[in-house]
Amino acid sequence: MPLIKSNVHTHTTFCDGKDSMEDMIKAAVEVGFDTLGLSFHSYTAFDPSYCIRDYLAYMMEFERLKREYDGRICLLNGVELDLYGERPSVCDYVIGSVHYFRVGGRHYPVDCRAPGFVKIIEKVFAGDVYAAAELFYREAGELSESVAPDVYGHFDLITCSNAEHGLIDEDNPRYRRAALSAVEKLPRGAVVEVNLGRLFRGQGGMYPSPWLVRELNARGCRFMLSSDAHKKEALGFMFDETCKQLKELGVKSLARYSGNKIEEVEL
Ligand SMILES: [Zn+2]
Ligand SMILES: [Zn+2]
């Protein structure tokens with residue numbers, strides 16, 4: 001039984017997840033969660049490849065499963081709302097995320113594997129990865145005003161494939177300045193997720209990087225563990241180990257959804 005018994009960053013076959021909503025719910029019950037939030041990718045007309053396609057079908061299935069699993073697990077209907085995505089009419093919570101660089105009215109994905117990322121840096125940013133980081137963190141800084149999310153998603157997603165291409169030196173002063181300027185724009189007590197999706201895929205560590213966890217913590221941000229699950233096996237993966245790591249970084253408690261309320265759990 002994990003210390004943190006909930007996750008609200010969960011993708012299903014209604015967007016780019018590999019498992020059905022029901023299979024994700026069954027897996028969450030098995031892991032010992034008391035709360036599971038389903039969070040589809042908001043619709044982005046400029047890139048429909050990975051996002052929600054049929055919102056009505058999604059809601060009908062959600063309502064059916066909510067009745068079916070009543071008493072076994074609390075289900076929340078959420079959204080991972082991209083900075084440039086469409087906000088759904090009804091939802092229990094919003095995770096706000098930046099997935100694109102917007103340049104000259106076009107959108108370029110941030111979270112692509114190394115070859116795609118390197119091409120974008122060359123083509124769009126004339127090879128200057130720190131110019132890309134400056135844009136990314138300016139966009140991240142816009143989230144609080146334009147999206148006002150309940151939870152801030154993968155804060156340093158721009159490092160997504162850094163283990164492969166190694167272009168970003170997180171000690172670089174330009175990188176640090178850009179990231180910290182986005183930290184400064186977060187509202188007091190903002191809930192920032194500690195996203196374990198990349199760790200599960202074996203492509204790097206948690207988001208945010210440890211140095212950023214320290215900075216966010218020093219500024220009074222709160223943290224929420226998040227599987228960013230695209231497969232049922234990712235639910236709760238490394239939760240307890242990450243709690244230990246966060247404690248070592250000076251984090252005293254974690255925020256988590258218990259039903260539709262956010263509560264603090266001491267580490
Ligand atoms: Zn995301
Ligand atoms: Zn996600």
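Start by selecting Pro208, which sits in the loop between helix H7 (197–201) and helix H8 (210–218); helices here are DSSP runs of H or I with at least four residues, strands are DSSP runs of E with at least two, and both are numbered from the N terminus. The peptide bond between Tyr207 and Pro208 is cis, with omega about -10°. Most peptide bonds are trans, and most residues other than glycine have a negative phi.

The model is predicted, and local features need pLDDT of at least 70, side-chain atom pairs count only at pLDDT 80 or more, and totals for chains, interfaces and linings use all residues. Residues are numbered from 1 along each chain as its sequence is written, and chains are lettered from A and ligands numbered from 1 in the order in which they are written.

**Helix H8**

Move on to H8 and pick out Leu212, Val213 and Leu216, which are buried. A residue is buried if 20 or more other C-beta atoms lie within 10 Å of its own, exposed if 12 or fewer, and partly exposed in between, with C-beta atoms placed from the backbone. These residues cover an arc of only 105° around the axis, so they lie on the same side of H8; the arc is that of the directions from the helix axis to the C-beta atoms. Just after H8, select Gly220, where phi is positive at about 80°.

Next, select Asp228 in the loop between strand S9 (222–226) and helix H9 (239–248). Asp228 is not a glycine, yet its phi is positive, at about 40°. Is Asp228 buried or exposed? Asp228 has 24 C-beta neighbours inside 10 Å and therefore counts as buried.

Then go to Ala148, in the loop between helix H4 (129–146) and strand S7 (151–152). Ala148 also is a residue other than glycine with a positive phi, near 45°. Ala148 has 11 C-beta neighbours inside 10 Å, so Ala148 counts as exposed.

From S7, step across to S4, which pairs with S7 in the parallel sense over two bridges; two strands pair if DSSP finds at least two bridges between them. Select Ile95 and look opposite for Val151 in S7. Colour S4 by burial: four of its five residues are buried.

Now show strand S4 (residues 93–97) with S3, which pair in the parallel sense over five bridges. Asp82 has Ser97 in S4 as its bridge partner. Strand S3 (residues 74–82) is mostly covered, with seven of its nine residues buried.

Which residue in S3 is the bridge partner of Phe40? The partner is Val79. Trace the chain from S2 through helix H2 (residues 55–68) to S3 for a β-α-β crossover that is right-handed. That term applies if, with the strands pointing away from the viewer, the path from the first strand over the helix to the second runs clockwise.

**Helices H1 and H2**

Select helix H1 (residues 21–31) and highlight its buried residues Met21, Met24, Ile25, Ala27, Ala28 and Val31. Look down the axis of H1: the buried residues fall within an arc of 165°, so they line one face of the helix. The buried residues of H1 pack against S2, H2 and S3.

Keep H1 and H2 on screen; their axes come within 10 Å and cross at roughly 35°. Axes are lines fitted to C-alpha atoms, for helices over the stretch in contact, and angles run from 0 to 180 degrees between N-to-C directions. The crossing of H1 and H2 is right-handed; a crossing is left-handed if the near helix is turned anticlockwise from the far one by less than a right angle, and right-handed if clockwise. To see where the helices meet, select Met21, Glu22 and Ile25 in H1 with Glu61, Phe62 and Leu65 in H2. Just after H1, Gly32 has a positive phi of about 105°.

**Last stop**

Finish at Pro115, in helix H3 (residues 114–125). Pro115 counts as exposed because it has 11 C-beta neighbours inside 10 Å. Draw a C-alpha to C-alpha distance from Pro115 to Tyr175: the two are 60 residues apart in sequence and 21 Å apart in space.

Technical notes:
Contact = placed C-beta atoms within 7 Å.
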